[in-house]
Amino acid sequence: MAQKNPKDLILDIKDLVIHYETDDGTVEAVNGIDIQLEYGKTLGLVGETGSGKTTTALSVLRLVPDPPGVIKNGSIFLDGKDIMNLPQKELEAVRGHLASMIFQDPMTSLNPVFTVGDQISEVIALHENCSKAEADQKAGDMLEVVGIPRERFGEYPHQFSGGMKQRVVIAMALACNPKLLLADEPTTALDVTIQAQVLETMKGLREKYGSAMIMITHDLGIIAEVCDEVSVVYAGQIVEHGTLVDVFNHTRHPYTEGLFGSLPNIEIKRNRLSPIPGLMPDPTDLPKGCCFAPRCKYATPECEKARPGKKWLSDTHYVRCSRYDEPNFKIEREDQ
Amino acid sequence: MSRYVLKRLVMLIPVLIGVTFLVYFIISLSPGDTAAMLAGEDADAATIEALRHELGLDQPVIVQYAKYMLNLLQGDMGNSYKTGRPVTNMIVSCFPNTAKLAFWSILVAVGIALPIGVISATKQYSMFDNVGMVVALIGVATPNFWLGLMMIILFSLNLGWLPSGGNKGWSSYIMPAITLGTGDAALITRMTRSSMLEVIRADYIRTARAKGVPENKVVYQHALRNALIPVVTAIGLQFGSLLGGATLTETVFAWPGIGRSTVDSIKTKDTTQVLGNIVVLTITFSCVNLLVDILYAFIDPRIKAQYKK
């Protein structure tokens with residue numbers, strides 16, 4: 001297994017556990033996630049709705065709503081800063097400056113009573129030592145960077161379309177050249193043509209500013225397009241992690257295989273997609289053993305006994321699947 | 001925007017006609033003979049009849065009402081049946097007292113309600129929130145006149161600190177303003193809290209936090225302004241009804257305001273004075289509501305866009 005040099009890491013998350021403690025029970029949202037992301041690299045977090053991707057991203061900025069969210073365990077180091085033990089004031093200095101976040105739904109993530117220009121210039125004025133006029137000037141520049149004419153500075157969110165609003169959110173997130181960008185399904189709420197535009201804008205800007213990025217999505221196409229590394233998340237755990245080539249071309253985990261199986265493929269002629277049977281386990285009542293075992297066609301009674309640990313297949317690639325303890329175990333999906 | 005204001009002012013006319021019509025008929029249906037009351041106990045039937053004819057009370061109610069409205073449209077509210085002096089005299093002397101009291105009361109109410117409502121919402125289910133909400137519930141449930149009487153017993157009769165009634169300078173404002181203000185504060189507090197609770201969970205509040213906006217700015221700038229519409233509505237309604245005269249509280253504190261004048265006039269069946277007071281009440285109430293609606297446009301740009309249509 002390969003340990004990355006801590007000095008090269010913009011983000012170092014170890015054994016993160018986050019629960020939501022509600023009256024109806026404890027939701028085990030994140031159950032021991034590790035992320036090591038190097039400066040300038042892009043990591044894709046892929047998984048179903050409710051698998052804990054967003055909670056993980058929110059925890060990087062300590063934005064997990066509390067109550068009911070409780071970070072039970074783990075450490076988060078962002079650019080060498082111990083996020084878990086940072087005082088509120090320093091945390092505010094990190095947010096939007098060192099790392100910033102793009103949210104899923106642009107329709108609701110802008111404040112309806114402030115102009116878009118003011119919302120962008122606010123983040124600049126907060127983090128950069130400059131006058132209001134300079135901040136406004138730079139906010140105007142950012143609007144142009146994301147392809148919105150500067151003249152629309154004084155308009156309100158309701159005067160923009162969904163795609164335009166997401167551009168504003170992106171401009172806001174990038175305004176202070178963050179070293180890490182957390183993009184939480186930035187294109188899910190947009191229609192397909194706009195998705196492509198927004199994605200292009202983001203890719204271009206990431207290259208321009210050299211930010212590292214965590215791209216949260218359930219769209220494997222987006223992962224393939226923008227990511228260097230991929231973590232496949234299931235029930236709050238990373239079940240397979242590796243480089244893009246590792247995960248896409250040398251798929252090992254049965255769940256990842258299932259994800260690819262539920263994609264339409266233009267080259268393979270088949271009548272039906274093969275979705276993964278069953279549902280995600282109830283996060284208030286996770287199985288004792290491997291969480292994917294109840295839906296896994298390779299599962300043995302052994303799988304239900306204990307949670308599988310990390311099994312390193314190469315320097316960059318690991319899976320959590322106890323079947324790989326058997327020397328000759330193979331999943332059906334062929335290496336590409 | 002000015003077209004919208006004009007439209008709203010024109011709409012005031014049917015409202016006024018409706019209100020005066022209702023009040024006029026209700027008063028005419030109430031028992032008691034105005035002419036007999038005015039003529040005095042010793043008056044004979046002929047004198048009463050003569051007075052009735054002089055006042056036009058022998059005509060059908062609908063005719064009386066039509067005559068009244070014709071005069072009202074020319075700005076003439078008639079003379080008080082009781083004093084014989086123009087109704088406007090009484091209004092001019094009473095309204096400033098009511099307005100000043102209304103101003104101080106609403107200031108007390110907002111001063112208490114906004115901070116408590118906001119803090120309760122940001123610290124939901126905390127000790128502060130629970131205590132605050134119970135106190136607010138008690139405040140809503142406490143009748144104003146009772147609170148007023150209790151304060152008079154304590155601060156005027158027992159301690160002798162404050163005057164029990166009338167308007168004798170600033171110290172006279174304290175008890176009535178607190179009586180009215182706390183009652184209204186209770187309602188505004190609950191309104192602020194529930195409105196803030198809704199907003200504080202909104203996505204754009206999370207966005208503001210993610211930008212690194214300090215928490216107090218998140219609450220007082222980003223959240224409060226969005227939560228303000230229902231709060232301003234409540235404040236406006238309360239202020240409007242205070243301007244119309246808080247009848248019970250003004251009576252308890254013998255406050256020389258519109259509310260008490262209305263109560264006195266109803267007792268003596270002084271129809272013209274009652275109507276005059278109610279016309280003033282209707283106009284001020286509608287104007288305050290209009291002001292609130294205009295205020296919306298400054299709070300929320302989406303509403304401003306609607307007004308322009």
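How many salt bridges are there between chain A and chain B? The count is 1, where a salt bridge is a side-chain nitrogen of Lys or Arg within 4 Å of a carboxyl oxygen of Asp or Glu. Before we go and find it, some ground rules.

This is a predicted model, where local features need pLDDT of at least 70 and side-chain atom pairs count only at pLDDT 80 or more, while totals for chains, interfaces and linings use all residues. Residues are numbered from 1 along each chain as its sequence is written, chains are lettered from A and ligands numbered from 1 in the order written, and side-chain values use heavy atoms, with hydrogens and water left out.

**Stop 1: the interface.** Select Glu122(A) and Lys211(B): their side chains form the salt bridge, at 2.9 Å from N to O. Now widen the selection to everything in contact (heavy atoms within 4.5 Å), and you pick up 23 residues of chain A against 21 of chain B. The two chains bury about 2100 Å² between them, 60% of it on carbon and sulfur atoms. Buried area here is the accessible area (1.4 Å probe) that two parts lose on being put together, summed over both.

**Stop 2: chain B.** Show chain B as a cartoon and you'll see 14 helices and 0 strands; helices (H or I, at least four residues) and strands (E, at least two) are DSSP runs, numbered from the N terminus. Its C-alpha trace spans about 85 × 60 × 30 Å along the principal axes. Of the 309 residues of chain B, 44% count as buried, meaning under 20% relative accessible area, with exposed over 50% and partly exposed in between (1.4 Å probe, protein chains only).

**Stop 3: Tyr125(B).** Stay in chain B and zoom in on the loop between helix H5 (87–122) and helix H6 (127–141), where Tyr125(B) sits. Tyr125(B) has a positive phi of about 65 degrees although it is not a glycine. Most residues other than glycine have a negative phi. Tyr125(B) counts as exposed because its relative accessibility is 62%.

**Stop 4: Asp79(A).** Over in chain A, go to the loop between strand S4 (69–78) and strand S5 (81–82) to find Asp79(A). Asp79(A) also has a positive phi, about 50 degrees, without being a glycine.

**Stop 5: Ser59(A).** Finally, select Ser59(A) in helix H1 (residues 53–60) of chain A. With 0% relative accessibility, Ser59(A) counts as buried. Leaving out residues up to four places away in sequence, Ser59(A) touches Leu16(A), Ile18(A), Val64(A), Ile71(A), Ile76(A) and Ile83(A).
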